[in-house]
Amino acid sequence: MGETVRAHRLSDAASAFTSNARNPNLRRAQLSFLGAWTAEWAFTVALGIVAYRDGGAAAVGLVGLLRMLPSAICAPLLSPFADRGRRDKVLVVVSTARGVATGAAAVVAALGGAPAVIYALAVLSTIAATLFRPAHSALLPSLCHTGHELASANVVRGMLDSTATLVGPLLAAVILEVADVDVVFGVAAAASLWSAALLLRLDYDAPPRPPAAGRRLGREVVEGVLAVVRNRDLALVLGLAAAQSFTRGALTVFSVVVSIELLGRGEPGAGTLMTAVGVGAVVGSLAASLLVGTRRLGAWFALGVTLWGLPLVLVGLLPRDLAALFFLALIGGGNALIDVAGFTLLGRMAPDAVLARVFGVLESLVAVSIGVGALVTSFAVDAWGVRTALVAVGLVCPVLAAASWWRLRALDRTVGVHDEDVRLLQHVPMLRTLPLPSVEQLVRGLEAREVPAGALVFEQGDVGDRYYVVESGQVDVVGDGRLLATLGAGEGFGEIALLRRSARTASVAARTDVRLRSLDADCFLTVVLGYTPSAREAALGIGRLLERYDPDDPGQPDQTPTRPVGSDGDQQEVRER
């Protein structure tokens, strides 16, 4: 049994990567992320060196805060634009803006310009970068059809994030050995522009969006914030992400001062330390790929948050070269767990209509927390020394993760039930064509109904107001006194009256005790008719059904596709759905 479970997990891990490679849209979106985040990490190392030369550790912390505060303000203000239209187009604009700003910083550094100009360009680049992850995180679910596929996409993105965490600082370290920071800025600019070019070739059916005309930006921002405030599970995940980001900001300071003041590695050592984080992130991402099919994402998220702080404590207690590299690699492993578990949880819990805005709130919290973490750490280093500051700051994440443990485990159970509802709806061919965010929108509107054997669900001629899916048991569809079909688990009924806005064309009665899941007409029609493939499938489906229920109705097809069902091989005809 244990070998079977391990084989199944390895199969899931492999499928996480192959499914992304086979899907050209996911492949381009993921490579674009790799380019964007390689640029971000290389740029961060070079900017830290510029700031340290300009004013020491305090300058590194202050620049980190000044860089992040405008991003924190702009993230929730800009993220509504990613909920208005095609998110890939937003990403193209963002990556291009980052490339231009970073390229300008390279020119200023090469000409020996004032560091203040580089700081200003860093702020512009970071504002654009702040919008990249919300838009990208909100785009991925639209390219997926199942929760497993979304988890796989987040595994791959986490792996690429880890790769960028490794490649970006390593690239900066190598360049700094033979050149100066201007070359690092130039390489970062090229990576950002490559990221934009990849997204120009994305081709997919975007979920329907409300018209932008008449929509007020301020109200849209508030809607995103309220989506978080009113959902305590979302608020918890975002709060822990803010704690992790506080430590990430601290790490931008520690990577420089630990290398120069504690380990004696000099400036290039800052890149080496961050490279260790990247190595750990790559290894951690490979391990995290085993979590694709797990229902314990909340628990793994808590462990990831813990690993962002505990290694800093260990560096403070044991400041040795090899030990420090190993401990920082553990931080990378924690980052991989957060990428898979945290972003999958957020993508599953938040409605698609406000998904980019929820991720915008996250980016705002991340930006503020990184800036505050960098500033607080720089003062802590000056006041207490490097080792004491490492221990004090490193305890923040483990303590908060421990306090949140039971709530995160309860969240895992909630997501498990949610997955079962998604699988139920995806048994219906008309709904199977929908991307995951649209199916989950339907799931949020599901209501349960139990009907005893022999009782009517609805009667022919009734007003159609709901769509039904059989969860367990069987129902008979009866029209004009004759049995038309017997439906079982995973089959739906009731769409004709909703789609044609007419009375029920047949009666439905419970053959056995039956448990149904139902959707009101507005919820059903908004999703099914708002998305092109499902609308097309619905139109074809009702044509076939009307031919079966009323063969004399003119203008309908001459034949109705049927399929054999029954576990014992009986050839009982039912509707093709």
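## Confidence

Averaged over the chain, the pLDDT (the predictor's confidence in each residue, from 0 to 100) is 80, and 84% of the residues score at least 70. This is a predicted model, where local features need pLDDT of at least 70, side-chain atom pairs count only at pLDDT 80 or more, and totals for chains, interfaces and linings use all residues. Residues are numbered from 1 along each chain as its sequence is written, and side-chain values use heavy atoms, without hydrogens and water.

Confidence is highest in helix H16 (residues 396-403), with a mean of 94, and lowest in strand E9 (residues 562-565), with 32. Helices (H or I, at least four residues) and strands (E, at least two) are DSSP runs numbered from the N terminus.

## Nonpolar cores

A nonpolar core is a set of buried Ala, Val, Leu, Ile, Met, Phe, Trp, Tyr and Cys residues joined through side-chain atoms within 4.5 Å; buried means under 20% relative accessible area, with a 1.4 Å probe and protein chains only. The largest such core has 144 residues, and Phe185, Phe254, Leu431, Tyr467 and Phe524 touch the most other members. Helix H2 (residues 24-78) supplies its largest share, 21 residues. Another core, of 16 residues, lies apart from it and includes Val451 and Leu484.

## A buried aspartate

Let's turn to aspartate 421, which lies in helix H17 (residues 405-425). Aspartate 421 counts as buried because its relative accessibility is 11%. Its side chain makes a polar contact (N or O atoms within 3.5 Å, one able to donate a hydrogen and the other to accept it; residues adjacent in sequence count only if both atoms are side-chain atoms) with the side chain of arginine 517, at 2.8 Å.

How values were computed: Buried < 20%, exposed > 50% of the residue type's maximum accessible area, 1.4 Å probe, protein only.
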